Amino acid sequence: ERASAANIPCAAPLSADVDNLLHVILKRTASVMTEQIPSISELLFDGESVCRLLDTERLKFSSREPAINIYTPGGEFLAHKDAQAITVLIPLSCPEQFQGGGTSFWSQDSRGHRVEDPTIILKPSAGTAMLFGGCVTHAGVSVEEGTRVVFVASFSCATEVSPVIMEHRDIYGDSL
């Protein structure tokens, strides 16, 4: 329903129940962020609680997010930057359920994903939230076997342009 209302095409639109579950996951994550990492609200959202911004529909999400990404053998997400204030990525499957996979990250001082291997590849346990800024280059590593499932939501405050929303280019001039 959310995708239809925003006129965003989806391969398979999520049911209202699944869309509501995504909201519950995001609400819980926003609550933990607000309580345990208050500097996120202070630095990225002018001191306003992420929970309050979510409740009052003042968050701007990346296209087709929040979402659940399902990676089957050969499935990957190429290196990119989300260009939002923050990204929340939560594995919903255990690392034992797939081979390969994970989320790779490049350090800010790397020469780019086309030149260097990632600095680190993370495969946290199911339910472990990873939070990172929109200018961090990352990728979904190709799954070799099994199925990897992740919740993802990249967002900024809808009322103003976040200072981290800038177009970044790698050494080849490609947008990241």
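This note covers the salt bridges and the cavity of a predicted model.

1. Ground rules. The model is predicted, so local features need pLDDT of at least 70 and side-chain atom pairs count only at pLDDT 80 or more, while totals for chains, interfaces and linings use all residues. Residues are numbered from 1 along each chain as its sequence is written, and side-chain values use heavy atoms, with hydrogens and water left out.

2. Salt bridge count. The structure holds 3 salt bridges. The term means a side-chain nitrogen of Lys or Arg within 4 Å of a carboxyl oxygen of Asp or Glu.

3. Lys27 and Asp55. These two form a salt bridge, with the closest N and O atoms 2.5 Å apart. Lys27 lies in helix α2 (residues 16–36) and Asp55 in helix α4 (residues 50–55), so the pair ties together parts that are 28 residues apart in sequence. Helices (H or I, at least four residues) and strands (E, at least two) are DSSP runs, numbered from the N terminus. Lys27 is partly exposed at 29% relative accessibility. Asp55 is also partly exposed, at 48%. Buried means under 20% relative accessible area, exposed over 50%, and partly exposed in between (1.4 Å probe, protein chains only).

4. The Glu48 network. Glu48, Arg52 and Arg58 are linked in a network of salt bridges. Arg52 meets Glu48 with the closest N and O atoms 3.9 Å apart. For Arg58 and Glu48 the N to O value is 2.5 Å. This second pair links distant parts of the chain, 10 residues apart: Arg58 sits in the loop between α4 and β1 (59–61), Glu48 in the loop between α3 (38–44) and α4.

5. Glu48 is partly exposed, with a relative accessible area of 22%. Arg58 is partly exposed at 24%. Arg52 is partly exposed at 45%.

6. Cavity. The count is 1 cavity of 30 Å³ or more. On a 1 Å grid over the protein atoms alone, a cavity is a set of points where a 1.4 Å probe fits but cannot get out; lining residues have an atom within 4 Å of a point. Grid points are joined across faces, edges and corners, and a volume is the space filled by probe spheres set on the points.

7. Lining. Residues lining the cavity include Pro91, Phe98, Leu122, Lys123 and Arg148. Strand β11 (residues 148–157) gives the most, with 3 residues. The lining divides into 6 nonpolar, 2 polar and 2 charged residues. Here Ala, Val, Leu, Ile, Met, Phe, Trp, Tyr, Cys and Pro count as nonpolar, Asp, Glu, Lys and Arg as charged, and the others, Gly among them, as polar.

Terms used:
On a 1 Å grid over the protein atoms alone, a cavity is a set of points where a 1.4 Å probe fits but cannot get out, and a pocket is an open set with protein on both sides within 12 Å along at least five of seven lines; lining residues have an atom within 4 Å of a point.
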